Amino acid sequence: MENDHFDTEIIKTKNVNFYYGAFKALTDITMNFEKRNVTALIGPSGCGKSTLLRLLNRMNDLIAGARVEGEVLFEGMNIYDPEVDPVEVRRRIGMVFQKPNPFPKSIFNNITYGPRLTGTANKSDLEALAEQSLKQAVLWDEVKDILGRSAMTLSGGQQQRLCIARALAMKPDILLMDEPTSALDPISTAKIEELIDELKKTYTIIIVTHNMQQAARISDKTGFFYIGKLIEYNATEKIFTNPDVKQTEDYITGRFG
Amino acid sequence: MTRQTVSGAMKRRYLKQHLFFGAVRLSAIILTLALGGILFYIIVNGIQVISWEFLTSPPTDSMTKGGIMPAILGTLYLTLGAITVALPLGVVAAIYLTEYAKQGRIVRAIRVGVNCLAGVPSVVFGLFGLGFFVVFLKFGSSILAGALTLGILILPTIIGASEEALKGVPQTFREASLALGVSKWLTIWKIVLPNALPGILTGSILGIGRAAGETAPIMFTAAAFFTAKLPGSIFDEVMALPYHVYVLATAGTHIEETRPIQFGTVLVLVALVLGIDLIAIIIRSYMRRKKRW
Ligand SMILES: Nc1ncnc2c1ncn2[C@@H]1O[C@H](COP(=O)(O)OP(=O)(O)OP(=O)(O)O)[C@@H](O)[C@H]1O
Ligand SMILES: [Mg+2]
């Protein structure tokens, strides 16, 4: 596995610095993310995990005064190249947020919203697409009879799986998840973890989490961040059993954070 | 502190609080009484002349008899015209200010300008309408000129209400849509605007309700002293309720004689404005019930 690194990488950052105005939130991040893998980003609050995640699909563009230095190469192309359309980038790199954020629309319209507006699916295919996406997100059985009902009436865990289904309906290459289970109960969390395990057969997943067990359970590689720097990036097993850096060990064992 | 002084302090505070609430309650009662009194006075004096006849026929006998139908219709035309012009313009301006423009000095300056505009006396709008629409653009005294003038008058209200409503749409909705690779413009059109619409409509309708009762802006731009014939096009003059009251109460030779008609007209005007407000309130409560975020 270690050898074919290069062939399987899908997105990587090269010497990336990130600024919110004058505040430098990320320093010199160089990181490869591998195809059909789950990569976990961990680290204490405020260390820049969300910043990095949002940088990968240009969601940080929305923040006034934010600035990126360095390159983010998605299949070899720098997504910060002036000629690149951020809208197109986000089509290929989907995102699931910490708090479930369905639209105040029906379940069906939530799923089909993206494909319909971006023209990535035919009208006649929408129903099949909705079913497929909901099945992928393991929500189909719970909602198949109430597709017309408002998504706001679902439970938090169901809403989050709906948001995952909504992202999957765009058939992205990469799925970014920012603490997707932090607002959920253990059962919903377990469901989403199972789901991630299933999804990684098709998708590349990058997930931010504060839950060490979760990172250990679901990820193949883990990156540990501290105050805007990537301290250690290694196979998850190594990080959690025998990390190279003392700081990583201290964090994982809860000695600081 | 001993128990005695503690309870003493508490009693004093309790008393103060009572006095304060008493004062608040009193001023609320006075306000309600004043409002109720005005309304009562209008109804008592106006109700005698109200009849189907009064609402559906034109004035006769130098406006000392007959109804006020042309004025009702004129006010409706002017108000509808104003909102047709001002609503799209105001919403577009608000979208620009909240969603597109870089939040900085220029936007702040525009906001201050809009707020100042909202504070300008309505007669100034009337004079502007006279100079610009009636004379310069040669619309003459007409529905068009009056509606445009009223439209400008309520534009700040509509922009303000729309901005508030747009800002009220959770940022997470925008993010969710953009993260799906939907363009900014489509995100605004499909997500932001529909969710802001109840607020926009409520604010705008309340604004237009106020404008419907204004005399000064239409006095020089649209309102006719008297026309028995109904307008045939937007370039015709119309009668209007507030101006009709003004005319009857000040300019006629039969001021005392027409008192009942004046009160009747005022009653109709008040009912119209309250009716418009009621529509806004209904829209708001209906949409609130539907909204779940
Ligand atoms: N919009 C913003 N404007 C200015 N500074 C910001 C903004 N968002 C984040 N920051 C700062 O950037 C740093 C990194 O924030 P980020 O949200 O990436 O942290 P995080 O690792 O995701 O933390 P958490 O685990 O609490 O979510 C923090 O110091 C934060 O205060
Ligand atoms: Mg975060």
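Residues are numbered from 1 along each chain as its sequence is written, while chains are lettered from A and ligands numbered from 1 in the order in which they are written. In this predicted model, local features need pLDDT of at least 70 and side-chain atom pairs count only at pLDDT 80 or more, whereas totals for chains, interfaces and linings use all residues; side-chain values use heavy atoms, with hydrogens and water left out.

Ligand 1 is surrounded by 13 residues, the closest being A:Ser45, A:Lys49, A:Ser50, A:Thr51 and A:His210, where a residue is near a molecule if one of its heavy atoms lies within 4 Å of it. By class, this shell comprises five nonpolar, six polar and two charged residues; Ala, Val, Leu, Ile, Met, Phe, Trp, Tyr, Cys and Pro count as nonpolar, Asp, Glu, Lys and Arg as charged, and the others, Gly among them, as polar. An oxygen atom of ligand 1 lies 2.4 Å from an N or O atom in the side chain of A:Ser45, and the corresponding distance from a ligand oxygen atom is 2.7 Å for the side chain of A:Lys49 and 3.4 Å for that of A:Glu179. Of the 640 Å² of accessible area that ligand 1 has on its own, the protein covers 62%, as computed by the Shrake-Rupley method with a 1.4 Å probe. Strand E2 (23–34) and helix H2 (49–56) of chain A are the elements that give two or more residues to the shell, and H2(A) gives the most, with three residues. Helices (H or I, at least four residues) and strands (E, at least two) are DSSP runs, numbered from the N terminus.

A:Glu179 has a positive phi of about 45° although it is not a glycine, and is found in the loop between strand E7 (174–178) and helix H8 (186–199) of chain A. With a relative accessible area of 12%, A:Glu179 is buried, where buried means under 20% relative accessible area, exposed over 50% and partly exposed in between (1.4 Å probe, protein chains only). A:Asp28, likewise not a glycine, has a positive phi of about 50°; A:Asp28 lies in strand E2 of chain A and counts as partly exposed, at 44% relative accessibility.

Strand E2 also belongs to an open sheet of four strands in chain A, in the order E2-E1-E4-E5 and with antiparallel pairing. The edge strands, each of which pairs on one side only, are E2 and strand E5 (77–78) of chain A; two strands pair if DSSP finds at least two bridges between them. Strand E1 (residues 9–20) of chain A is joined to E2(A) in the antiparallel sense over eight bridges, with A:Glu9 standing opposite A:Glu34 in E2(A).

In helix H8 of chain A, A:Glu193 is buried, at 8% relative accessibility. The side chain of A:Glu193 makes polar contacts with the side chain of A:Gln214 at 2.8 Å and with that of A:Arg217 at 2.6 Å; a polar contact is a pair of N or O atoms within 3.5 Å, and within protein one must be able to donate a hydrogen and the other to accept it, residues adjacent in sequence counting only if both atoms are side-chain atoms. Apart from neighbours within four places in sequence, A:Glu193 is in contact with A:Gln214, A:Arg217 and A:Ile218, contact meaning heavy atoms within 4.5 Å.
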